[in-house]
Amino acid sequence: MGAVAALIALLQTRALAKTFGGVEAVRSADFRVERGEIRALIGPNGAGKTTLVSMICGRIVPTSGRILFKGRDITRTQAFHRAAFGIVYTFQISSVFRNLTVHENVAIAVQRRVMRRAWDRIALDQQALASEVQHALAQTGLAGLGGRLAGSLPHGHQKLLEVSMALALQPELLILDEPTQGLTREEIAAFSRFMRAIAEGTTILLIEHDMQVVLDLSRRITVMDQGRIIAEGTPAEIEANREVQRVYLGP
Amino acid sequence: MNDHRRPVLAIHAALIAVLAGLQVVIPPFHHTLVARIMVLAAYATGYNLLLGYTGLMSLGHAMFFAAGMYGTGLPLLYLGLGAPQAVLIGVAASIVLSTAVGMLTLRTSGVSFLIVTLMFAQVFYLSTLYFNRFTLGDQGFVLSGHLHPITIGPIRFALTDPAVRYNLALATFGGCLGLSLWLVRSPIGRVLVAIRENEDRTRLLGYNPFAYKLLVLVISGAVSGLCGSVYAVITSYVGASFAAILYSIYPLLWTLLGGPGTTLGPLVGAAAMTYTVEVASRFTSSYLIVVGGALVILVMRFPSGIVGGIRRRWAPWLP
Amino acid sequence: MTLEGRLFLALLEGIVTGFILALIALGLSLVFGVMRIVNVAHGEFFMLGAVCAWSVASWTSSFALAVVAAPILVGAIALLVNRIVLRPIHYEPQATIVATIGLLYIIQQLVLTLYGPYARTVTPPFYLRIDFPWFGYSGYKLAVAGASALLLWLTWRVVSTTTLGLYMRATQQDQEMAQAFGVPVYRVYAVAFAIGAALAAIAGALIIPIQPAHYLMGLDALLASFTVVIIGGLGSLGGTLAAAFLIGLSDGVVSVFFSPTLARIVSSALVALVLVFKTGGLAGNDTN
């Protein structure tokens, strides 16, 4: 990684804001994520976390402000291009292709990465694709489930499937929106281990409510409340922060 | 998916062979009907690419069918062109129209898309009537006398010969079926299904849904135009009724009946329904009631259609 | 006739058409607003109203009875349709469209079988000729406009002051919330559907002394009311009225000065372009 690349933050927002009707969901957010970190974004419900993240991945158009990815202004870039640039988002309510098989689900994701030239849209090496899919499934422990319908999987496995689809794209920035919601304690533990393994190659931005996961995984934590970023720092710093305590525990 | 490639190809090839053999077996007065059904089945096959595989329901495909029909018929009538050139013009016209319409209508989705395609088709149909002096839309016009024979090498094909017409229709259907089979099993086809299943997810995986939807709409429109062109040639007739709403509802009905999202469904639906309408029209002038009844029953009870039901029960590997 | 004469005629025709159109469109708008479905067979309820009214008027020689009976009969048919077709498919938007297209053909062809392909009219209940400087105008047409206005006002009163109206508005706003508050949503759907059909039917009944009842008359009514509802915005009574007059008047002018076909081309194109370029489309009915 070049010296210059190391200096430029992977993701940066400048005065990013979103107003819905009369409600300011996000107010002037200046947010930075460095390459290689696992960053947690926490805050009470309605703090604006999903809105902020939706603007980053392109699902929502900001009211004002800028978004820079690897130094490049992507504020006006369409959502599907951002995925090609390396920003991949998984939904809060797991969004897989429920009526398709697990294999198909991952194949659709792998295909996107493998389709480089125009010709690839017409003819693709199906064998190579299939083995890549197998590999991706094995990584997340879903190897034997290729033939099952995604909608028939238990909730925890659907979330894993979604993450494995996101990983199949080999993202530079993986954004996970409440990935452990609805998972059992064991599943959460397994998930944390999995996250630490993939963090070697991918920067992770994680919206989480489960404080255990947050403290376990993240190197730095950003806290939002009522549309503003109110604190940022290491887990220890955040735990000691007065503002944060007030927001979570009351005055 | 790979282990069933050979049986799938075999089934499709066998179907074409059966249709080819039919002309020897069935009595001559049935030939025209079967030829018409094959072209209409090809029309439905193109429509199915949009409805069954991409999940977009259009109520405006008659305008593409009619664009092909008029794009072929008018040059034949006024310019005395040869049939091959006229068909090419017809297809070109439908490609231009479907691209223009697609750029506008694909900004909407769901029910809005349905209404917008319907309205554009209405504009097309009414314009055909409005410019009646030029299009002869109201009564339509006949092409006999304008369909000159075509020569390929040493052989001369008379386009008024029923055998030529039958095989022209067969070739059209075969080509469209082949295109459909190839497209749905290609990487593009996979993306179309993904868009149907969950467009938001597909977009966030890095695909541009608009581009894919436009592509399949234009392909579907071009197929419709080709069918309109060939239909004009094999029936020697061009009329505004083919731009009317019934000819947008027919491919929807045939696809739903045969099985949306199956390559073989449209033929089954087109054949079954066209025969039913043919028979019903001999008993009553209210024969369109079978169209109504079929639509209601299908949507209430059999949303997978005939081939879809077969696929679900016995052959999940059918494309 | 002079230019002013033709313009004034177009204006009068436009006003009468506007009121009738508003009535039909209100029915469609009500159904869409409360039930969130597009009823493609709505025009057929208009046609059924005309045909039923003609039948009753012919048998009983009472036009008044016909105008009362038609909406009741058609409303009953609508309740039946809702129960046996729409409810089982759970009012799913695209499925409902396909089903109502089917119903359109079924109703139309049944009427063709039972009533025949002929256009039949009745004599107006009274003859009143209103003389203007350029022409004499049918007093009955103006009475129809008046009756429509009365019905529109009545519907508005029901929607804004009665409990039923409250239920309908609540269901339109937020169906789940309404259900949570104990609103019998499925019954509200049935009533809304019946009222929508009855409004169209009454319009059809009122119109038969002016325009004969014919089994294909539903299609024009459908496209026209579609145009009004989409341009006027959904759920807005004021918008529906304004659009109905706009469409009625411009249709009248274009028809008188150019051609009815051109009028229909323009209004179809307008609907398409409004839907394409207006953000939000059909307000919540876009799947995906």
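At what angle do helix 8 (residues 187-197) of chain B and helix 10 (residues 209-235) of chain B pack, and how many Å apart are their axes? The first legend below answers this for a predicted model, in which local features need pLDDT of at least 70, side-chain atom pairs count only at pLDDT 80 or more, and totals for chains, interfaces and linings use all residues. Residues are numbered from 1 along each chain as its sequence is written, while chains are lettered from A and ligands numbered from 1 in the order in which they are written.

**View 1. Packing of helix 8 of chain B on helix 10 of chain B.** The two helices pack at an angle of about 110 degrees, and their axes are 10 Å apart. Axes are lines fitted to C-alpha atoms, for helices over the stretch in contact, and angles run from 0 to 180 degrees between N-to-C directions. Helix 8 of chain B and helix 10 of chain B are therefore roughly perpendicular to each other (the term covers angles of 65 to 115 degrees; under 35 is roughly parallel, over 145 roughly antiparallel, and the rest oblique). On the side of helix 8 of chain B, the contact is made by B:Ile188, B:Val191, B:Leu192 and B:Ile195, and on the side of helix 10 of chain B by B:Pro209, B:Tyr212, B:Lys213 and B:Val216. Two residues are in contact if their C-beta atoms, placed from the backbone, lie within 7 Å. Helices (H or I, at least four residues) and strands (E, at least two) are DSSP runs, numbered from the N terminus.

View 2. B:Phe173 is buried, with 27 other C-beta atoms within 10 Å. A residue is buried if 20 or more other C-beta atoms lie within 10 Å of its own, exposed if 12 or fewer, and partly exposed in between. Not counting residues up to four places away in sequence, B:Phe173 touches B:Met38, B:Val39, B:Ala41 and B:Ala42. B:Ile16 is 157 residues from B:Phe173 in sequence, yet the two are 8.6 Å apart in space, C-alpha to C-alpha.

**View 3. Contact between chain B and chain C.** Chain B gives 34 residues to this contact and chain C gives 37 residues. On the side of chain B that touches chain C, the elements that give two or more residues are helix 4 (83-105), helix 5 (110-130) and helix 13 (289-301) of chain B. Helix 5 of chain B supplies the largest share of that side, 14 residues. Among the two pairs of chains that touch, chains B and C have the most contacts between them. No contact joins chain A and chain C, and their closest C-alpha atoms lie 13 Å apart.

**View 4. Contact between chain A and chain B.** This contact takes 22 residues from chain A and 16 residues from chain B. Helix 3 (79-85) and helix 4 (102-114) of chain A are the elements that give two or more residues to the side of chain A that touches chain B. Helix 4 of chain A gives the most to that side, with five residues.

**View 5. Elements of chain C.** Chain C has 11 helices and two strands. From the N terminus on, its elements run α-α-α-α-β-β-α-α-α-α-α-α-α. Of the 288 residues of chain C, 47% count as buried.
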